There are 2 protein chains.
Amino acid sequence: MEHLAEKVDQCSLFRDISRAELAAMLHCLQPVVRKYHKDELLTVEGEPLSALGIVVAGNAAVTKESVAGSRLIMTLLERPMMFGEMAAFSDTPIWPATVVAQSDCEVLFIQAQSIVGQCQKHCAYHQQLIYNMLSIVTNRALVLNRKVEFLLLKSVREKVVVYLLEQYRQTGKEMFVLPLDRNEMADFLNVTRPALSREMGRMRDEGLIDYHRASIKILDVEGMRRALEGE
Amino acid sequence: MEHLAEKVDQCSLFRDISRAELAAMLHCLQPVVRKYHKDELLTVEGEPLSALGIVVAGNAAVTKESVAGSRLIMTLLERPMMFGEMAAFSDTPIWPATVVAQSDCEVLFIQAQSIVGQCQKHCAYHQQLIYNMLSIVTNRALVLNRKVEFLLLKSVREKVVVYLLEQYRQTGKEMFVLPLDRNEMADFLNVTRPALSREMGRMRDEGLIDYHRASIKILDVEGMRRALEGE
DNA sequence: ACGAGTCGGTAACCATGGTTACCAAAAAGC
DNA sequence: GCTTTTTGGTAACCATGGTTACCGACTCGT
């Protein structure tokens with residue numbers, strides 16, 4: 001199990017668990033290692049799921065049939081990334097996506113049951129494992145939640161205001177440097193770059209903000225909030 | 001603890017745990033019960049969080065400052081609803097929202113640690129508790145994920161097509177009854193009702209679907225898929 | 001069966017923002 | 001230093017879809 005422990009100990013599921021403990025734990029978890037050739041399917045969307053996977057060698061892609069037939073790559077998985085952790089514990093334990101090997105690869109599967117199941121040998125770190133699992137899943141939920149909040153904002157103005165006020169709150173200064181360039185920011189806000197520039201230009205004209213490239217200065221917090229008030 | 005067990009055993013956190021076991025478990029979990037008067041704050045957005053709450057009497061409201069000052073009610077909590085379960089296990093254990101008592105009410109707080117922490121008395125159902133916690137959290141993440149997928153679709157056409165094909169796939173029949181009325185459907189797809197009707201009208205004109213009120217008939221699956229292909 | 005209320009379709013109007021294209025400024029390469 | 005590339009601002013054009021309003025068709029209560 002030593003060599004396996006080495007390959008997965010960077011996985012967030014095993015955070016704060018020492019290499020030695022991890023090796024011991026892998027006995028309890030009874031992982032199954034499977035090898036796949038390039039283009040082989042590791043999981044098929046819609047099939048029942050009982051284990052989560054961790055890539056230990058090579059890489060794979062999470063793909064989604066875009067409701068239409070065409071297969072679209074959602075995420076690239078490489079060591080030591082995990083997949084299936086969402087659906088594994090849900091009420092509908094069904095693979096939500098198809099995972100296909102991008103190269104020859106090797107995947108370790110762990111039964112969902114053995115994560116929560118009390119390990120017979122009372123591994124001291126089993127608690128930590130469960131805690132990690134909960135962290136991973138709640139963090140993802142929080143990220144998605146934030147994403148939904150932004151997507152529900154209707155106008156570009158609102159998106160920009162919320163984003164800038166969020167930065168303002170985080171830094172505590174009315175002058176700060178944006179962590180994203182315009183393309184990334186537009187992408188994050190789910191608008192096009194020209195639309196973003198246009199709106200920021202208007203906001204500058206209205207005296208709400210001032211900026212040059214990535215450096216932003218908040219001039220009129222009240223005015224910005226008013227843009228949200230009127231919905 | 002008997003009376004407490006009675007009040008929370010409908011909570012999804014305790015699903016598949018018998019009333020008797022639950023009462024025993026509550027000893028291990030060391031819950032703290034606090035009473036609040038109407039309008040009192042149970043939690044304040046931004047403050048550190050270490051426990052999750054379950055409403056056992058009265059009701060409370062999850063509120064969010066809309067970035068602007070105004071407080072907006074997000075969810076109404078009544079017995080035996082739970083709150084804080086997302087943030088409790090996340091990397092940033094901070095209350096993401098303010099919870100305020102809507103009436104005089106009573107809340108049971110359970111330390112996040114005692115959920116994952118192995119109970120010293122080896123409660124047989126502790127595993128089930130952990131499993132339930134994971135279910136709750138993963139289910140929420142999956143719901144959010146579906147929401148994001150719909151929100152990322154740009155045109156009304158795409159949203160309608162994805163929604164209808166999803167129903168089609170689920171029922172397996174090309175003729176079925178929509179579970180939502182037009183208002184709810186428009187709401188779910190995040191478009192206005194007239195826009196939805198307009199688009200469905202066009203799709204009928206084009207021979208993709210036929211419908212009358214809630215009963216829908218899928219006529220041209222290929223044609224519908226084509227609407228997604230061109231992005 | 002009749003009137004009130006609800007639900008869904010439709011149309012005209014118009015604001016918002018995506019598209020495309022072009023240019024200037026900054027940054028990177030040589 | 002200069003050229004090349006990347007990044008960001010701007011403008012014109014136009015499609016999409018939100019808004020408002022209205023009307024007909026169902027539903028429900030009496």
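Reply: Over all chains the count comes to twelve aromatic pairs, where rings of Phe, Tyr and Trp (its six-membered ring) pair if their centres lie within 6.5 Å. This is a predicted model: local features need pLDDT of at least 70, side-chain atom pairs count only at pLDDT 80 or more, and totals for chains, interfaces and linings use all residues. Residues are numbered from 1 along each chain as its sequence is written, chains are lettered from A and ligands numbered from 1 in the order written, and side-chain values use heavy atoms, leaving out hydrogens and water.

Me: Why is the pair of Phe83(A) and Trp95(A) called tilted?

Reply: Planes under 30 degrees apart count as stacked, over 60 as edge-to-face and the rest as tilted. The planes of Phe83(A) and Trp95(A) are at 40 degrees, with centres 5.9 Å apart, so tilted it is.

Me: What makes Tyr163(B) buried?

Reply: Buried means under 20% relative accessible area, exposed over 50%, partly exposed in between (1.4 Å probe, protein chains only). Tyr163(B) has 2%, so it counts as buried. Phe188(B), at 32%, counts as partly exposed.

Me: How do you know that Arg204(A) sits over the ring of Tyr211(A)?

Reply: The rule wants NZ of Lys or CZ of Arg within 6 Å of the ring centre and within 35 degrees of the ring normal. The charged end of Arg204(A) is 4.2 Å from the centre of the Tyr211(A) ring. In chain B, Arg204(B) lies over Tyr211(B) at 4.1 Å.
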